[in-house]
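Dear colleague,

I am handing over the structure below, and after it you will find my notes on what turned up when I went through it. Please read the two side by side.

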Amino acid sequence: MLGERALYVNGDLQTARRWFDTAYRQAEQCGDPPALARAALGLGGVWVHEHRTSAEEETVRARQRHALSLIDPCSPLALRLRVRMRGEEDYRAGEHAAMLRLLAQARGSGDAMALAEALSLAHHCLLGPEHASLRMELARELIGQAAVTGRRGDLLMGLLWRTVDLYLAADPHAERAVEELRALLDDHAHLAVGYVLDAIEVMLTIRAGRFDEAEKHAGECFERGVTAGDMDATGWYGGQLGAIRWYQGRASELLPLLADLVSSPTLSPIDNSYLAALALCAATAGERRLATGHLARLRGRDLADLPRSSTWLTSMYCIVETAHLLQDADTAAAAYTLLTPYAELPVIASLGVACFGSVHHSLGMAALTTGDLDRAVEHLRAAVSANLALGHWPAATLSRCRLGQAMALRSGPQHKAARVEQATAAQEAKDLGMVLPAVVGRAVSAREACRIRRHGRHWQVELGGRLVLVDHSVGMAHLATLIANPGREILAADLAAGTWTREADNASPAQPVLDDLARDTYRQRLAQLQDEIDELESMHDLERAAAVRLEREWLVSELSAATGIGGRPRPFTGSEERARIAVGKAIRRALSRIAAVDAAIGEELRATVQTGLRCCYRPK
């Protein structure tokens, strides 16, 4: 009784296992076959594959077989044991046909509990994307069957499966199902169901682009999973952290974690998503040999042989992204064929653990890798729309970025629509704290000059079909002047003072004193710099404020050195060196900020921007 209450009423999987283990030993000592069978049945839990190590799994299976051999094979208890054992076997094999046959037998048995358990286990064996409609039917039937069994756990499981199914189908009203479940859990907690709902909340927070909050909630969710005794707690936390790092552009940081996780006995035998994620992280980190090896392991003899588990779409997402980074057109083409029937679905891991947006995104990336740019644009445009409908802002931004890149590759970097999509994606990424990926398969062209434009507090930098958005800084302003005048050498002192013009540059360079116009320009520049210092300090951006203050101090000393007694001008005395240092530091900081967003653009500009007493942008 204690085990059944812990399992079916409280959803406390860990406590239930202990009670059922004790009950099994006691029933064995007393020679009570029905009690032995109930205990063996309860050891299975509410999910499939709750016992992950081989030793635990075989022990429970042996106990269930032994109990089944001692009771009437025609009894409802025997049917329930066969249902549990078949569910485990079909799940491990990635099959479901035998489980559905036993489900039909349970329907005809007249035993309400056998039918409820068969419905839930059959649902668990049908989590591949091709069984969406059948799963929904099973969930509805289980909700109705709960009224017959009178077990609250059956109702919660039916409602949970329905909630998961709605999310897997991208139903816009899925959150209504969450609220219905939450209301029931408010009356009495069910740890196992509550843990899944917490995981879904983490997924929704990632969709909203609140990465810091999502990471904090993922850690809390992990602790709840451990408390509930859910063996997926570690794997689910890894999946949630992986989604966050992927959209932050920090996937390579997960290499050590995933290398350990793929060998964990806690993972499902048909779950390949962590190996696929490891391949993707390796490719992102530039570890091509490692990524290629993992991808080959996933492909096996045929990519179509990969089991259609609850993480199959996530595995395929990672496979497609890895193939793109490695420019593996064969793998991309195979993935495209397999994913095409599921274009309208979202890529959601397991029971709502993490979401990677629309399958259209993966189809678009596969087409981009194979060189079918028209089809890539079509799918990526559909992905943007679908991801917006999901409320998945990071996925929409990533799809928009890839859409702009595909359009630029198809129609040229100056294509208006491509530039609009890339600029929008860059701004959205800035707002969300994302780092967008660079174009793969096309290096920055040495024949193309950079373009840079100011947009409020940001600068838009475009080079070779790539586009990034970086914060305003003094160095960016200097860089903009150089890039707008390719090949022209400009004095660092003129950049610092903001006094350079083409007309002044064409005049005699040997101007020994500051004239009235120059002094007025310097004073205006001083006021501008002071305003910028005040604004940066109000934003607590002390590093950039210090950089601007350095330039202001140079201008103050410049005016002092150029003004004698009574405000009369006097000759310059060699302050060019101070200007060289201040301007050089400011430009190098700006280039570092650009490189942090797009390494290829940063590398190209570092190679073509010259600093010193005279500065110049010399595109190759």
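Glu489 forms a salt bridge with Arg618 (a salt bridge being a side-chain nitrogen of Lys or Arg within 4 Å of a carboxyl oxygen of Asp or Glu), and the closest N and O atoms of this pair are 2.8 Å apart. Glu489 lies in the loop between helix 23 (474-483) and strand 6 (490-491), while Arg618 lies in the segment after strand 8 (614-617), so the pair ties together parts that are 129 residues apart in sequence. Helices (H or I, at least four residues) and strands (E, at least two) are DSSP runs, numbered from the N terminus. Glu489 counts as partly exposed, at 33% relative accessibility, and Arg618 is also partly exposed, with a relative accessible area of 38%; here buried means under 20% relative accessible area, exposed over 50%, and partly exposed in between, with a 1.4 Å probe and protein chains only.

Before going further, please keep in mind that this is a predicted model, in which local features need pLDDT of at least 70 and side-chain atom pairs count only at pLDDT 80 or more, whereas totals for chains, interfaces and linings use all residues. Residues are numbered from 1 along each chain as its sequence is written, and side-chain values use heavy atoms, with hydrogens and water left out.

A search of the whole structure finds 29 salt bridges, and one of them joins Glu117 to Arg151, with the closest N and O atoms 3.0 Å apart. Because Glu117 lies in helix 7 (residues 112-124) and Arg151 in the loop between helix 8 (132-149) and helix 9 (152-168), this pair ties together parts that are 34 residues apart in sequence. Glu117 counts as buried at 11% relative accessibility, and Arg151 is buried with a relative accessible area of 13%.

Another salt bridge links Glu462 and Arg419, whose closest N and O atoms are 3.3 Å apart. Glu462 lies in strand 4 (residues 458-463) and Arg419 in helix 22, so parts that are 43 residues apart in sequence are tied together by the pair. Glu462 is buried, and Arg419 is buried as well.

Helix 22 (residues 416-432) also packs with helix 21 (residues 393-411), at an angle of about 150° and with the axes 8 Å apart; axes are lines fitted to C-alpha atoms, for helices over the stretch in contact, and angles run from 0 to 180 degrees between N-to-C directions. That angle makes helix 21 roughly antiparallel to helix 22, since angles under 35 degrees count as roughly parallel, over 145 as roughly antiparallel, 65 to 115 as roughly perpendicular and the rest as oblique. Residues of helix 21 in contact (heavy atoms within 4.5 Å) with helix 22 include Trp393, Arg400 and Met407, and those on the helix 22 side include Ala417, Glu421 and Leu432.

Gln327 has a positive phi of about 55° although it is not a glycine; Gln327 sits in the loop between helix 17 (312-326) and helix 18 (329-339), and is partly exposed, with a relative accessible area of 40%. Ser350 likewise has a positive phi, near 55°, in a residue other than glycine; Ser350 lies in the loop between strand 1 (346-349) and strand 2 (354-358), and counts as buried at 11% relative accessibility.
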